[in-house]
Amino acid sequence: MASMMIKPVHLRCVVRVCRLVSQHRTWITSCSDRSFATEAEKGPKIYTKTGDKGFSSTFTGERRPKEDHIFEALGNTDELSSAIGLAREFCLDKGHTFTHQLDKIQCILQDVGSNIATPRSSAREAHIKRTKFTAQPIADLEIWIDELTEELPPLTNFILPSGGKSSAALHLARTVCRRTERSVAPIVRSGEADPDVAKFLNRLSDYLFTVARYAAMKEGNEETIYKRPQ
Ligand SMILES: Nc1ncnc2c1ncn2[C@@H]1O[C@H](COP(=O)(O)OP(=O)(O)OP(=O)(O)O)[C@@H](O)[C@H]1O
């Protein structure tokens, strides 16, 4: 989860590093051997050990157990972005033209994480302003779904996740998206996260289904059709 968002602890580290830099500035500028990097030059360590006892922090500074529904949803969002990242690599290998959409979605998922990590009940006005989730990404997904669907043959059968590596990886990302949606739903229902986050995830699984079919079609791969076993 370290790459998921800028944590409060990172902000604290930035402050600490700035202080260290100013304390050591005289030494740094007078040092002739620049290959001897100070802690301040290297930046804060990725591990703070503050999570070792099974508790972690929300963006609002609350300490909660790691099995809390907030961290569950954050973990799922992180996994979703990773699944899309892997699918994107397969799609890039095949020269697909929609990979910029996957890039954008991965960035939006960072915003989804920030919104989830900021429970409204403990958030100050500044937190809410900074982590507000807008409706625009939902509209973007709808435009992309409609454009891709126009090129696809109509769906007449149940299809199974298949159709080549790009397509199958996009289907896998779709299923992680649905798990993410399931874990976010109770958080939104309790008023702790923005309802547009849930809408975005709901639309994203439709987008991933559509783009998976599109990838299979563009690569000339057959999708496996469900057949009732005889
Ligand atoms: N297991 C987890 N799953 C999902 N989200 C997590 C998990 N652990 C922490 N988080 C969230 O992700 C942020 C970054 O994770 P990180 O692993 O750096 O936290 P930590 O375990 O509390 O700290 P550290 O790893 O430095 O001891 C945390 O501030 C918290 O909001």
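A crossing of two helices is left-handed if the near helix is turned anticlockwise from the far one by less than a right angle, and right-handed if clockwise. In this structure, the crossing of α3 and α7 is left-handed. The model is predicted, so local features need pLDDT of at least 70 and side-chain atom pairs count only at pLDDT 80 or more, while totals for chains, interfaces and linings use all residues. Residues are numbered from 1 along each chain as its sequence is written, and side-chain values use heavy atoms, with hydrogens and water left out.

**Two helices in contact**
- The axes (lines fitted to C-alpha atoms over the stretch in contact, with angles from 0 to 180 degrees between N-to-C directions) of α3 and helix α7 (residues 165-189) come within 8 Å and cross at roughly 165°.
- α3 and α7 are therefore roughly antiparallel (an angle over 145 degrees) to each other.

**Aromatic pairs**
- Rings of Phe, Tyr and Trp (its six-membered ring) pair if their centres lie within 6.5 Å; planes under 30 degrees apart count as stacked, over 60 as edge-to-face and the rest as tilted.
- By this rule there are 4 aromatic pairs.
- One of them is edge-to-face: the rings of Phe 98 and Tyr 214 have centres 6.0 Å apart and planes at 75°.
- Phe 98 sits in the loop between α3 (69-93) and α4 (99-116), and Tyr 214 in helix α8 (residues 195-218), 116 residues apart.
- Another pair, Trp 144 and Tyr 207, is tilted, with centres 5.9 Å apart and planes at 55°.

Definitions and conventions. Helices (H or I, at least four residues) and strands (E, at least two) are DSSP runs, numbered from the N terminus. Angles under 35 degrees count as roughly parallel, over 145 as roughly antiparallel, 65 to 115 as roughly perpendicular and the rest as oblique.
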